[in-house]
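User: I'd like to learn how to read pockets and aromatic contacts in a model. Can you walk me through it?

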Amino acid sequence: MRRAELQHFMRLALREARRGLGRTSPNPAVGAVLVRAGRVVASGHHARAGAPHAEVVAIARAGARARGADLYTTLEPCNHWGRTPPCSLAIVEAGVRRVFVGSRDPNPLVNGRGLARLRRAGVVVMTGVMREECDALNAEWLRFITARRPHVTLKVATTLDGKIATRTGDSRWVTGPEARAEVHRMRDRADAVLVGAGTARADDPRLTARLGGGRGRDPVRVVLDTHLALPARLRLFRQRSAAPTVVAHASPRTRRLGPGVELLRCRARGGRVDLHDLLRKLAARGVVRLLVEGGAEVHRSFLSEGLADRLAVFLAPKVVGGDGLCWPAGPGAARMAEALGLEDVAVERLGRDILVTGRPRYAFPPGRRRG
């Protein structure tokens with residue numbers, strides 16, 4: 001089979017998969033396309049956890065046309081009974097002739113078992129078709145599966161001189177409306193958004209996803225409050241939302257903070273909530289994508305622990321100067337050679353602001369503590 005033809009149909013499967021991005025947690029986003037005689041007969045994507053998987057959706061839409069067809073899927077078909085039956089079984093029963101797979105599934109429940117069942121049934125299987133693109137599509141989910149913690153993005157809005165607030169604490173607004181609209185899109189795609197107690201007090205944010213036309217799915221809102229000392233009047237505790245507010249703490253006591261507010265007790269480390277323990281607990285409740293919005297101390301903690309997988313830095317063409325609040329907090333590197341670098345850097349213009357994204361290049365294994 002020609003490489004161009006393989007790539008063409010896998011790109012269509014990738015396009016299908018993107019329709020589910022941000023909606024499938026704790027499952028991956030997957031797309032599938034069924035092809036006969038060089039023409040697409042059906043396609044499908046996984047819409048949400050508990051709904052049929054992409055391969056099953058495509059097969060159902062194809063009906064009898066699935067027999068003898070080729071299936072292109074961005075991820076290895078599952079082989080276990082969960083909320084839905086195994087996709088590998090559905091593929092065999094539908095009489096699909098060949099299966100072309102993008103990414104291998106590292107989930108211990110799958111991890112080659114789906115491919116093995118297909119081959120035992122006489123289905124021709126080819127793996128690694130546009131693997132890099134398929135892996136990139138689910139990079140956050142792959143982190144979740146392999147590390148058993150959420151993929152963490154640190155979001156920062158800063159001036160050219162690295163200030164996130166003035167000397168009086170004023171931070172509204174660092175960036176313009178286009179950049180702030182992008183933040184709402186990021187929240188819409190995240191499973192949870194997190195701030196520290198200082199940011200909750202100073203900014204009193206809602207942390208909801210406010211998109212045009214009333215669209216937007218609110219993420220779970222997480223606030224770090226080690227001693228359960230935040231005032232109950234904050235909008236995080238009063239704002240109505242379909243998503244709960246989770247207060248991560250390390251206090252032996254308890255509080256009632258209103259409807260929709262949950263307390264999550266974590267281990268303490270260094271007088272603060274242990275972030276490793278918190279991330280494990282968030283993963284256990286299905287949080288795949290965590291957006292960390294601040295503040296400076298929280299950003300420092302995630303970076304120093306090697307827990308930030310991606311940075312999203314919004315740069316505003318402003319200079320605060322003086323004693324404005326810098327990010328991240330702490331003394332910083334002693335030498336330029338020790339500065340944290342970024343890999344896979346991308347730059348985007350948003351109105352007058354610039355968004356710089358990249359993957360931190362740690363001098364120690366990601367996700368492990370220094371020292």
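**Reading a pocket and some rings**

Analyst: Happy to. Keep in mind that this is a predicted model. Let's begin with the second largest pocket, where β18 gives the most to the lining, with 6 residues.

User: How is a pocket found, and what volume does the second largest pocket have?

Analyst: Rolling a probe the size of a water molecule over the atoms shows where empty space is left. Here, the volume of the second largest pocket comes to about 1,100 Å³. Its lining is made up of 38 residues, and those nearest the centre are Ala-136, Ala-139, Glu-140, His-151 and Arg-310. Elements that give two or more residues include α5 (131-137), α6 (139-147) and β18 (353-361).

User: What classes of residue make up the lining of the second largest pocket?

Analyst: You'll find 17 nonpolar, 14 charged and 7 polar residues there.

User: And how do I read ring pairs?

Analyst: A pair of aromatic rings is described by the distance of the centres and the angle of the planes. This structure holds 2 aromatic pairs. Phe-9 and Tyr-72 make a tilted one, with 5.3 Å centre to centre and 40° between the planes. Phe-9 belongs to helix α1 and Tyr-72 to strand β3, 63 residues apart. Tyr-72 also pairs with Phe-100, stacked this time, at 4.7 Å and 20°. Phe-100 sits in strand β4, 28 residues from Tyr-72.

User: Are Tyr-72 and Phe-100 buried or exposed?

Analyst: Both are buried, and Phe-9 is buried as well. Ring pairs link Phe-9, Tyr-72 and Phe-100 into a cluster.

User: Which charged residue lies over the face of Trp-173?

Analyst: That's Arg-180, at 4.5 Å from the ring centre. Likewise, Arg-148 lies over the face of Phe-144, at 5.2 Å.

How values were computed: Residues are numbered from 1 along each chain as its sequence is written. This is a predicted model: local features need pLDDT of at least 70, side-chain atom pairs count only at pLDDT 80 or more; totals for chains, interfaces and linings use all residues. Side-chain values use heavy atoms; hydrogens and water are left out. On a 1 Å grid over the protein atoms alone, a cavity is a set of points where a 1.4 Å probe fits but cannot get out, and a pocket is an open set with protein on both sides within 12 Å along at least five of seven lines; lining residues have an atom within 4 Å of a point. Grid points are joined across faces, edges and corners, and a volume is the space filled by probe spheres set on the points. Helices (H or I, at least four residues) and strands (E, at least two) are DSSP runs, numbered from the N terminus. Ala, Val, Leu, Ile, Met, Phe, Trp, Tyr, Cys and Pro count as nonpolar, Asp, Glu, Lys and Arg as charged, and the others, Gly among them, as polar. Rings of Phe, Tyr and Trp (its six-membered ring) pair if their centres lie within 6.5 Å; planes under 30 degrees apart count as stacked, over 60 as edge-to-face and the rest as tilted. Buried means under 20% relative accessible area, exposed over 50%, partly exposed in between (1.4 Å probe, protein chains only). A charge sits over a ring if NZ of Lys or CZ of Arg is within 6 Å of the ring centre and within 35 degrees of the ring normal.
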